Amino acid sequence: MREAGRQLKSGIIWLWLLLPLVMNGFSMAASAYVMPAFNEHLHERIALMVAEVPLAVLVLQIALMALGEEIAWRGFFQKQLGRVMAIWPAIGITSIVFAFGHAASGDFTLVAYDLVFIMIDSVIYGFIYHKTGNLWLSTAAHFIANLAVILALVQI
């Protein structure tokens, strides 16, 4: 945790931490023109998670999910793949599997659009983990991006 604090003093890490947030904002904004039903698709995907849950519980839930996913996907899966192949293929494979793990039911085009942006976010989380060796930082990026999207969708 102390190492994460030291790494946060580096200006460039903030760019990487906020990039998934920017990507999610872009995907939601672009969908208003390209695919208006996308935000409804996202809302349906998170409906059970946010159904009448107090804000504090929702934030804790999002934080724990981001931490769990980062431990599993970056801390284990990407790390293991990185031992047997170059890092970029390891990040790519991890991100593809991660994205398909988030596949939802619905219109193929909406789901595919969603998975592309999930995969891009995953590549960024993988890069953060690779560059810093710190799951706290990839978790922070993941948490910030997920929280922003969910709050935008439920308009708390």
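Colleague: Among contacts between residues at least 6 apart in sequence, what share joins residues at least 24 apart?

Modeller: In this predicted model, 72% of such contacts in the protein join residues at least 24 apart.

Colleague: Which secondary structure elements does the protein have, and in what order do they run?

Modeller: There are seven helices and zero strands. Read from the N terminus, the order is α-α-α-α-α-α-α. The radius of gyration is 16 Å, close to the 15 Å that the globule rule gives for 156 residues, so the protein is as compact as a globular protein of that length. Along the principal axes, the C-alpha atoms fill a box of roughly 40 × 35 × 25 Å.

Colleague: How should I read the confidence, and which elements have the lowest and highest mean pLDDT?

Modeller: Start with the average: the protein has a pLDDT of 88, and 92% of the residues score at least 70. Then go element by element. Helix α1 (residues 2–8) has the lowest mean, 61, while helix α5 (residues 87–101) has the highest, 97.

Colleague: Which residues make the nonpolar surface patch?

Modeller: Trp-14, Leu-18 and Leu-21 make a patch of about 260 Å². Leu-18 lies in helix α2, which covers residues 11–34.

Key:
Residues numbered from 1 in each chain as written. Predicted model: local features only at pLDDT ≥ 70, side-chain atom pairs only at ≥ 80, totals over all residues. Heavy atoms only, no water. Patch = residues over 30% accessible without salt bridge, like charges linked within 9 Å, V, L, I, M, F, W, Y side chains within 5 Å. Areas by Shrake-Rupley, 256 points an atom, 1.4 Å probe, with all protein chains shown as cover. Salt bridge = Lys/Arg side-chain N within 4 Å of Asp/Glu carboxyl O. Helix = DSSP H or I, 4+ residues; strand = E, 2+ residues; numbered from the N terminus. pLDDT = per-residue confidence, 0-100. Rg over C-alpha atoms; globule rule 2.2 N^0.38 Å. Contact = heavy atoms within 4.5 Å.
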